[in-house]
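Q: I want to learn how to read helix packing. Can we work through one case together?

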Amino acid sequence: MRWKTRSRLPGWSDGLFECWGFVLFPSLHHSNDARQLPVPSLAIMLRGAFKTRLFHPMQKIGFAEALDSVVKSDPRYDRDAYVFLRDALDFTTKQQKKAKGTSVRHVSGPELLEGLRQYALKEFGPMVMTVFDSWGIHSSGDIGNMVFNLIGAGIFGKTETDSIEDFRNVYDFQEVFVKPFAPEKPKMTRARAELPMPKPAAPRK
């Protein structure tokens, strides 16, 4: 799985970027003609830029809007669960980048589940199952359903080899989220083997 990225300024060429720098910061250019160009109001230019969604932060609003649609179409999972899944994917790619020493463009289903396991334990500790239950997540298959909901909404991307079956029965939640925090069972004390067995009573004459 991977984030679907959008161009920050779709359809704008490098020449237009230079034009913006030329207008906003004429002192950076050494041409005499550049100094004579009028400098428009910065506030007006920024207002126009936000209206046309030219700035990167607008993508966060796009994610929120997409989640509204996803949760409405499939109310099984809480909205916060999808935010957590997005953060878990980010955590997984960063972990793999550290391990491989290079950027990671794709994460498989089992790799995402392993990263999610580590991230959940790091964030919630022994409360993982309590949080997951409140979000409607009860198995690795639920994670797969959420991932493909986000793929359908255009938030996540996938390759031809990615399948929702990659998330089925990968690990048991009780084993990975509950057992690590379960108290150890007391060790059974061995019977005192050194004590001799009582001798049978002699028959009466």
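A: Start with two helices: the axes of H6 (residues 109-124) and H7 (residues 128-135) come within 9 Å and cross at roughly 110°. That makes H6 roughly perpendicular to H7 (65 to 115 degrees counts as roughly perpendicular). Helices here are DSSP runs of H or I, at least four residues, numbered from the N terminus. Axes are lines fitted to C-alpha atoms over the stretch in contact, and angles run from 0 to 180 degrees between N-to-C directions. This is a predicted model: local features need pLDDT of at least 70, side-chain atom pairs count only at pLDDT 80 or more, and totals for chains, interfaces and linings use all residues. Residues are numbered from 1 along each chain as its sequence is written, and side-chain values use heavy atoms, leaving out hydrogens and water.

Q: Which residues of H6 and H7 make the contact?

A: Contact means heavy atoms within 4.5 Å. H6 brings Leu-116, Ala-120, Leu-121 and Phe-124; H7 brings Val-128, Val-131, Phe-132 and Trp-135.

Q: At what angle do H5 and H6 pack?

A: H5 (residues 79-100) and H6 pack at about 110°, with axes 8 Å apart. That makes H5 roughly perpendicular to H6.

Q: Which residues are buried in H6?

A: An α-helix has 3.6 residues a turn, so residues three or four places apart point the same way. Buried means under 20% relative accessible area (1.4 Å probe, protein chains only). In H6, Gly-109, Leu-112, Leu-113, Gly-115, Leu-116, Tyr-119 and Ala-120 are buried. They cover an arc of only 165° around the axis, which puts them on the same side of H6. The arc uses directions from the helix axis to the C-beta atoms.

Methods:
Angles under 35 degrees count as roughly parallel, over 145 as roughly antiparallel, 65 to 115 as roughly perpendicular and the rest as oblique. Buried means under 20% relative accessible area, exposed over 50%, partly exposed in between (1.4 Å probe, protein chains only).
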